[in-house]
Amino acid sequence: MPPTSESDVLIIRNLKKKFGEKTVLNGVSFGVKRGETKVIIGPSGAGKSTLLRCINRLVEPDEGEVIFDGINVLSKDVDIRKIRARIGFVFQHFNLFKHLTALENVKIGPKVVKGLSDDEAEKIAVKALKAVHLEEDAFEKYPAELSGGQQQRVAIARALAMEPDIILFDEPTSALDPQLAGEVLDVMKELAKKKVTMLVVTHEIGFALNAADEVLFFYNGRIWERGEPRELLYNPKREETKAFLRRIADLSL
Amino acid sequence: MDYGFILGQLAKGLEVTLELTLLGFLGGFALGFLLAIARTYSGGISKALAVAYIELIRGTPMLLQLYIIGFGLPLLIRKYLPNFVMNPTIAALLGIMLNSAAYQAEYMRGAFNSIESGQIEAALSLGMTRWEIIRHVVFPQAFRIMLPSWTNEMVYLLKYSSLAMLLAVPELMYMASVTASETFLYAQIYLIVAGIYLVFATLIIQLMRLVELKIHIPGVTTIKR
Ligand SMILES: Nc1ncnc2c1ncn2[C@@H]1O[C@H](COP(=O)(O)OP(=O)(O)OP(=O)(O)O)[C@@H](O)[C@H]1O
Ligand SMILES: [Mg+2]
């Protein structure tokens, strides 16, 4: 059944981006439906981060379309901040605000961007921090006093607190030890079960198998191959996909 | 000799010196903040103006700047307002503010730039405006990072406000030299004045140190024991 545009939170059509002479995105098209978890894998330099950053216009694409909830994000007269407020972004290096406690990091979005009162923002923030299972005694700690896994979970809570329509994850566990990565992946799996819409760049094959509705393999700025997780990960059709999957399998052994 | 009289004169001078230091610092902060924002986050003409101003001030002696404001500027104004008289203390204060602004702008720029771009991207991704990012993310961290430079700047202003004596501003050094030439107690008076500067410089350093400790956040600033 072809996706109806009704249920598509995000539609990307023929997206292109060059940095100088280098083509980083070379005509990328796909959609993400409400409640869906889509995983993007691919080698370093394939353009995965650039794709995510084009979606909320941290990077301006050269060509193509990004349609978010029916809104043309790239149109000149769109207020991009309103769009960004509805798109969560979780970074590889967490990027927490270092001068704010865990709780304050999560409160700041609802307070400053949405203009909620301190009480309302606090309620939402506490709920979000509980959703990522942050230990209560960590609520008042500063990022530098938290483990990497805790920091990333706070970053996920910061995104959740904005009640976004979709959350973009850019290699959320690559900076973490396996054990800490595990606690972050568990939270993400729970979110997938709760039908939070997610677009996740990751090399965690286990997460893709467990949580993804579809996996996109990125190569040379294109979607080289795509499919159901099991199909694509166990039975890749194209040489480049096979080679890539062999490489990450070797790394995780 | 009447030390009561001498100390009284020096106290009057000290008051002016502290005024010049404190107001010069605060005025310099306000203008310096705008200059730092313009230099770091704007482009085109406002950035060019900020850069030009900062380099002009840093590239010329403060004494020259004081002379221009204290002696040059009044002549210019008098062409249009023949009865204009420049109060030397106001002139010196203006000069100190304008001078300190350039240095403070550079300290702030350094601190602004030390906030990693990742935090800015996170703030942008939440939907914050540029101003909200400066106010809620950049400034609170930059403020803490630049406190030690601020301490230096205050101590510097405390000492170099003495240049205002050359505009006949009745600050500490001026009062000291006038009183010394009246009493011939050069050595005694200048030693007392040295002590006064030292005490207040130390006071500033210790106070700022307390502030640093008070607002320290692990991961933003490091506290040296
Ligand atoms: N701002 C930029 N300016 C110039 N080149 C850039 C910029 N951002 C990314 N690139 C280049 O674009 C290419 C794709 O980068 P991108 O970060 O999107 O890859 P990626 O698939 O996320 O890789 P990785 O797995 O290493 O994160 C790389 O060659 C990178 O050097
Ligand atoms: Mg990347």
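**Close look**

Modeller: A:Phe94 counts as buried, because its relative accessibility is 10%; buried means under 20% relative accessible area, exposed over 50% and partly exposed in between, with a 1.4 Å probe and protein chains only. This is a predicted model, in which local features need pLDDT of at least 70 and side-chain atom pairs count only at pLDDT 80 or more, while totals for chains, interfaces and linings use all residues. Residues are numbered from 1 along each chain as its sequence is written, chains are lettered from A and ligands numbered from 1 in the order in which they are written, and side-chain values use heavy atoms, with hydrogens and water left out.

A:Phe94 lies in the loop between β6 (87-90) and α3 (102-113) of chain A; helices (H or I, at least four residues) and strands (E, at least two) are DSSP runs, numbered from the N terminus. The residue is not a glycine, yet its phi is positive, near 70°.

B:Phe184 is exposed, because its relative accessible area is 63%.

Next come the strands of chain A. Strand β9(A), residues 214-219, is largely enclosed by the rest of the structure, because five of its six residues are buried. β9(A) pairs with strand β3(A), residues 37-41, in the parallel sense over four bridges; two strands pair if DSSP finds at least two bridges between them. A:Ile41 has A:Phe217 of β9(A) as its bridge partner. β9(A) also runs antiparallel to strand β10(A), residues 222-227, with five bridges joining them. Here A:Phe218 is set opposite A:Ile223 of β10(A). β9(A) and β10(A) make a hairpin with two residues between them, and A:Asn220 in the turn has a positive phi of about 55°.

Chain A also holds an open sheet of four strands in the order β2-β1-β4-β5, with antiparallel pairing. Its edge strands, each pairing on one side only, are β2 (22-33) and β5 (71-72) of chain A. Strand β1(A), residues 8-19, is joined to strand β4(A), residues 63-68, by five bridges, and the two run antiparallel. A:Ile11 stands opposite A:Ile67 of β4(A).

Last, the interface. Contact here means heavy atoms within 4.5 Å, and 21 residues of chain B are in contact with 23 residues of chain A. The two chains bury about 2,000 Å² between them, 66% of it on carbon and sulfur atoms; buried area is the accessible area (1.4 Å probe) that two parts lose on being put together, summed over both. There are two salt bridges between the chains, each a side-chain nitrogen of Lys or Arg within 4 Å of a carboxyl oxygen of Asp or Glu. One of them joins A:Lys98 and B:Glu116, at 2.8 Å from N to O. On the side of chain B that touches chain A, the elements giving two or more residues are α5 (117-126) and α6 (130-145) of chain B. α5(B) supplies the largest share, eight residues.
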